[in-house]
Amino acid sequence: MKNPSVAFYKKLILISIALLILLPVSASIYLLIENRSLKARQVFANNQPDDVVTVSATQLEPNNVVKDKPVLSYQMLYPDFRSDFFGFKNDLVSNKTVFITFDDGPSSGTSKVLDILRKESVPATFFVNGKSNPFLTAQLSKIVSEGHTLGMHSYTHRYNVIYASMENFLDDFNRNFLYIKNATGAAPQILRFPGGSINIFNIGTYQSLIAEMLRRGFIYYDWNVSAGDAIPGATTQSIIDNVLHGVHLCWGPAFVLFHDNGSANLNEALPVILETLKREGYEFKRIDNSVKPPMFIYPD
Ligand SMILES: [Zn+2]
């Protein structure tokens, strides 16, 4: 029979070894997490605007503002650049819902895309830029009359200008807002940030940009599936593969990013994608501001 005290000491030694390994490992994990959160707070603190003015919000009364809280000077710019938001209604969306979106239009290819969507009875969402060509601007009314949604995607699409300051950003998006409103008679309520809500150009200011657009009642939509249709070397097959693979991987509604840029590959890929997904039981919806936006996986 074994000596119980030997067994006891064996156990004690094993537990001590286990603790010696576990303690430093968990401490390192804790410190790593803490460090990342500190860094995130640091980025945020460094980018807080310092142009606070002591104007009562009640004088301005923009959307969603806490009464009597001091407002920032840029919050007073373009007081009509705002929208009504009444909350999200996600009961209409399932895990098999797909939102097809097109950025960067209107273009000479918009008509063709609209023909495909009409033939397939698929509603979509177009995040558009400002175009001086009247023929292109006329596409906006066509997009709306065919049952699709229009959203803002900046007037100029010039990242280095738009993201240089909050004032530049608001100036550009207000122009985009009026462009869509004047062309269609309806003010846009949603947007997509050029390059996504966090990108290399706004990495230091994205919190303020997002907060300001939400304060004005605009909901922004990133994407969780990218067609890769605008990258050099894209083919009809690569677009089909990217979208089908991406949609299959989504654990919630899919928000698919395409570009309205007149690409022949897109025109060939789009019917194949829509018909395949329909066969697989997916349903297509257009975005409006009652749709809860997707979680964007931000690069580390
Ligand atoms: Zn774009």
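This is a predicted model: local features need pLDDT of at least 70, side-chain atom pairs count only at pLDDT 80 or more; totals for chains, interfaces and linings use all residues.
The buried residues of helix H7 are Tyr206, Gln207, Ser208, Leu209, Ile210, Glu212, Met213 and Arg215. By buried I mean under 20% relative accessible area, with exposed meaning over 50% and partly exposed in between, for a 1.4 Å probe and protein chains only. Helices (H or I, at least four residues) and strands (E, at least two) are DSSP runs, numbered from the N terminus. Because 8 of the 10 residues of H7 (residues 206–215) are buried, this helix is largely enclosed by the rest of the structure. Just after H7, glycine 217 takes a positive phi of about 95 degrees.

Residues are numbered from 1 along each chain as its sequence is written, and side-chain values use heavy atoms, with hydrogens and water left out.

Let me turn to the whole protein. There are 9 helices and 10 strands, and buried residues make up 42% of the 300 residues. Of the contacts with a separation of 6 or more, 75% are between residues 24 or more positions apart; a contact means heavy atoms within 4.5 Å. Aspartate 84 lies in the loop between strand S2 (70–72) and S3, and is partly exposed, at 46% relative accessible area.

Next, helix H8. Its buried residues are Thr236, Ile239, Ile240, Val243, Leu244, Gly246 and Val247. They cover an arc of only 165 degrees around the axis, which puts them on the same side of H8; the arc is that of the directions from the helix axis to the C-beta atoms. On the other side of H8, His245 and Leu249 are exposed. Which elements do the buried residues of H8 pack against? They pack against strand S3 (97–105), strand S8 (225–226), strand S9 (254–259) and helix H9 (264–279).

I come now to charged pairs. Side chains of opposite charge can pair when their charged atoms come close. A salt bridge here is a side-chain nitrogen of Lys or Arg within 4 Å of a carboxyl oxygen of Asp or Glu, and the whole structure contains 7 salt bridges.

One of them joins arginine 192 to aspartate 103, with the closest N and O atoms 2.8 Å apart. This pair links distant parts of the chain, 89 residues apart: arginine 192 is in the loop between strand S6 (190–191) and H7, and aspartate 103 is in strand S3.

Another salt bridge is formed by lysine 278 and glutamate 120, whose closest N and O atoms are 3.1 Å apart. Here helix H9 contributes lysine 278 and helix H3 contributes glutamate 120, 158 residues apart. Lysine 278 is partly exposed, at 34% relative accessible area, whereas glutamate 120 is buried, at 7%.

Finally, Asp115, Arg118 and Glu146 are linked in a network of salt bridges.
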